[in-house]
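This report looks at a few side chains and a pocket. Please view the sequence and the structure below before reading on.

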Amino acid sequence: QRPPRDALEAQVASVLASFLPAAGALSIDDDFFARGGDSLRAARAISALRLAPTTAALTVRDIYTARTV
C-alpha cells in the first residue's frame, strides 16, 4: 500500500479516511467502498472536501468512478 505522494493526495486521503468506519490511514490504493464506505459516507466526504479550495471540483460521482485516492 502506497502512501499519498503529495499534499493534495494526503488531504483527500485524510478526509476520506475520516468518514470510514475502519480506523487507520488510507493509502492511495485503498478502495473507498471496500474499506466500508457507502453512498452516504461518500456524500459527506465530498461535502467536506468541497470546503477545501484545492478539491472543490470533486463530486460524489468521482468517488464511484475513481474509488482510490
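## Asp62

In this predicted model, the side chain of Asp62 reaches the backbone nitrogen of Thr59 at 2.7 Å. Asp62 belongs to helix α3, which spans 60-65.

Asp62 has a relative accessible area of 32%. That value falls between the 20% and 50% cut-offs, so Asp62 counts as partly exposed. Leu16 is 46 residues away from Asp62 along the chain. The C-alpha atoms of Asp62 and Leu16 are separated by 12 Å.

## Asp30 and Arg35

Two charged residues come next. Asp30 sits in the loop between α1 and α2. Arg35 is found in that loop too, between α1 (7-18) and α2 (39-50). A polar contact of 2.8 Å joins the side chains of Asp30 and Arg35.

Are these residues buried or exposed? Asp30 has a relative accessible area of 12%. Arg35 has 18%. Buried means under 20%, so Asp30 and Arg35 are both buried.

One of its polar atoms lies 2.9 Å from the backbone nitrogen of Ser27.

## Surroundings of the pair

Which residues does Asp30 touch, leaving aside those up to four places away in sequence? They are Gln1, Ala25, Arg35, Arg67, Thr68 and Val69.

## The largest pocket

How much space lies in the largest pocket? It holds about 240 Å³. The lining has 15 residues. Closest to the centre are Val12, Leu58, Ala66, Thr68 and Val69.

Helices α1, α2 and α3 each supply at least two residues of the lining. α1 gives the most, with four residues. By residue class, the lining divides into ten nonpolar, two polar and three charged residues.

## Recap

Asp62 in α3 contacts the backbone nitrogen of Thr59 through its side chain. In the loop between α1 and α2, Asp30 pairs with Arg35 at 2.8 Å. The largest pocket draws on α1, α2 and α3 for its lining.

Notes:
Residues are numbered from 1 along each chain as its sequence is written. This is a predicted model: local features need pLDDT of at least 70, side-chain atom pairs count only at pLDDT 80 or more; totals for chains, interfaces and linings use all residues. Side-chain values use heavy atoms; hydrogens and water are left out. Buried means under 20% relative accessible area, exposed over 50%, partly exposed in between (1.4 Å probe, protein chains only). A polar contact is a pair of N or O atoms within 3.5 Å; within protein, one must be able to donate a hydrogen and the other to accept it, and residues adjacent in sequence count only if both atoms are side-chain atoms. On a 1 Å grid over the protein atoms alone, a cavity is a set of points where a 1.4 Å probe fits but cannot get out, and a pocket is an open set with protein on both sides within 12 Å along at least five of seven lines; lining residues have an atom within 4 Å of a point. Grid points are joined across faces, edges and corners, and a volume is the space filled by probe spheres set on the points. Contact means heavy atoms within 4.5 Å.
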